[in-house]
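Take a look at the chain below. We will walk through it step by step, starting from the inside.

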Amino acid sequence: MRRSSSTLNRLIGAVAGLVLAAAGAITLATPAQAATLTQVTGFGSNPGNLAMYAYRPDNLPANSPAVVLLHGCTQNASGYFANSGWQKYADQWKFALIVAQQPSGNNANSCFNFFEAGDTTRGQGEALSIKQMVDHAKANFGVNGSRVYVSGLSAGGAMSAVMLATYPDVFAAGSIIAGIPYRCATSMVNAFSCMNPGADKTPAAWGDLVRGAYSGYTGPRPRVAIWHGTSDTTVTPLNGTESRDQWTNVRGISQTPTSTSSLPGNTSLEVYGNDEVRLYRVSGMGHGTPVDPGSAAEQCGTAGAYFLDTICSTYRDALFFDLNGGGTTPTPVSYTHL
């Protein structure tokens, strides 16, 4: 039977709408969001010459939390946002994302300059630029200043440690993924030696470096989650242990875990103090952010270069930051076959 062109057009439009709706459901597992990652300009004096991007989910309530994301070398804001899995939980639990981007003009490989004193000192350079992004979000997005967090990979992980050390009054907690301890590196040359083979200091020596980042500060210190692959040859696993030593010392707690457990993805979790510091060791994983593509509650991200299919670190960090409205982490169980 022949149909008029107008009828066919309506049918084609309806089919196209269904296809797009299905694609949206597959991608987001929720109705399509109008919110997008958007560049923000004029957020401050920006002495570190960084770019700021922000993601605010639809219907974001006032006084919501925010997470600052810091990408690794050769990466950018949009790629880290797209692949790390943070959008899923921002949409689900309603918090803002602030994604900093390092231009190649600052660093040929687009690495945050975690080894330059001028960029890792409170009130200076890239550290101040990132802090100004937070200030802008608090003033313009209605972000809750007591619920700001930071997470980063590799050079971004090292920069996450910088932010936790230099601005303990800004960040309630943070996540260091395949990073190094604060002020291990103070030049380009020893940045490489800190990455591999790594540096061994006493917990007190590491802690003193953090305490010196904001001399005289007596307020609360951030809680810290540390992630490291046991087969990482770019930033050796020693750095995970040394970061553990640094942040447990800063918190004034023992370097002996109060509990240990096994998680999916060949991951072990060591908890220190009253869940003040966590160390996740991902057995057999190389250098990258742990992700676990899929639609289950504990799954997130997209596998690719420096996004490694093991466990969804973003989900665990979001719970550690208490971004799910006060829920608890699923009870860890031991896995003999993973």
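This is a predicted model: local features need pLDDT of at least 70, side-chain atom pairs count only at pLDDT 80 or more; totals for chains, interfaces and linings use all residues.

The largest nonpolar core has 57 residues. Leu 70, Phe 114, Phe 171 and Trp 247 have the most contacts inside this core. Which helix gives the core its largest share? That is helix H5, residues 155-166, with eight residues.

How confident is the predictor? The mean pLDDT of the chain is 89, and 86% of the residues reach 70 or more.

Leaving out residues up to four places away in sequence, Phe 171 touches Val 68, Val 134, Val 148, Tyr 149, Val 150, Met 163, Leu 164 and Pro 222.

Now step along to Ala 172. This residue is in the loop between H5 and strand E6, residues 173-177. Is Ala 172 buried, partly exposed or exposed? Its relative accessible area is 29%, so Ala 172 is partly exposed. Ala 172 and Pro 222 are 50 residues apart in sequence, yet their C-alpha atoms are 4.8 Å apart in space. Pro 222 is one of the residues that Ala 172 touches, and Ser 146, Val 148, Tyr 149 and Arg 223 are the others, not counting residues up to four places away in sequence.

Helix H5 also meets helix H4, residues 125-140. Their axes come within 10 Å and cross at roughly 75 degrees. H4 and H5 are therefore roughly perpendicular to each other. H4 brings Glu 126, Ala 127, Ile 130 and Lys 131 to the contact. H5 brings Met 159, Val 162, Met 163 and Thr 166. By class, five of these residues are nonpolar, one is polar and two are charged.

Last, find Glu 276. This residue sits in the loop between strand E9, residues 267-272, and strand E10, residues 277-282. Is Glu 276 buried or exposed? Its relative accessible area is 12%, so Glu 276 is buried. Not counting residues up to four places away in sequence, Glu 276 touches Arg 223, Val 224, Arg 251, Ile 253 and Phe 320.

Definitions and conventions:
Residues are numbered from 1 along each chain as its sequence is written. Side-chain values use heavy atoms; hydrogens and water are left out. A nonpolar core is a set of buried Ala, Val, Leu, Ile, Met, Phe, Trp, Tyr and Cys residues joined through side-chain atoms within 4.5 Å. Buried means under 20% relative accessible area, exposed over 50%, partly exposed in between (1.4 Å probe, protein chains only). Helices (H or I, at least four residues) and strands (E, at least two) are DSSP runs, numbered from the N terminus. Contact means heavy atoms within 4.5 Å. Axes are lines fitted to C-alpha atoms, for helices over the stretch in contact, and angles run from 0 to 180 degrees between N-to-C directions. Angles under 35 degrees count as roughly parallel, over 145 as roughly antiparallel, 65 to 115 as roughly perpendicular and the rest as oblique. Ala, Val, Leu, Ile, Met, Phe, Trp, Tyr, Cys and Pro count as nonpolar, Asp, Glu, Lys and Arg as charged, and the others, Gly among them, as polar. pLDDT is the predictor's confidence in each residue, from 0 to 100.
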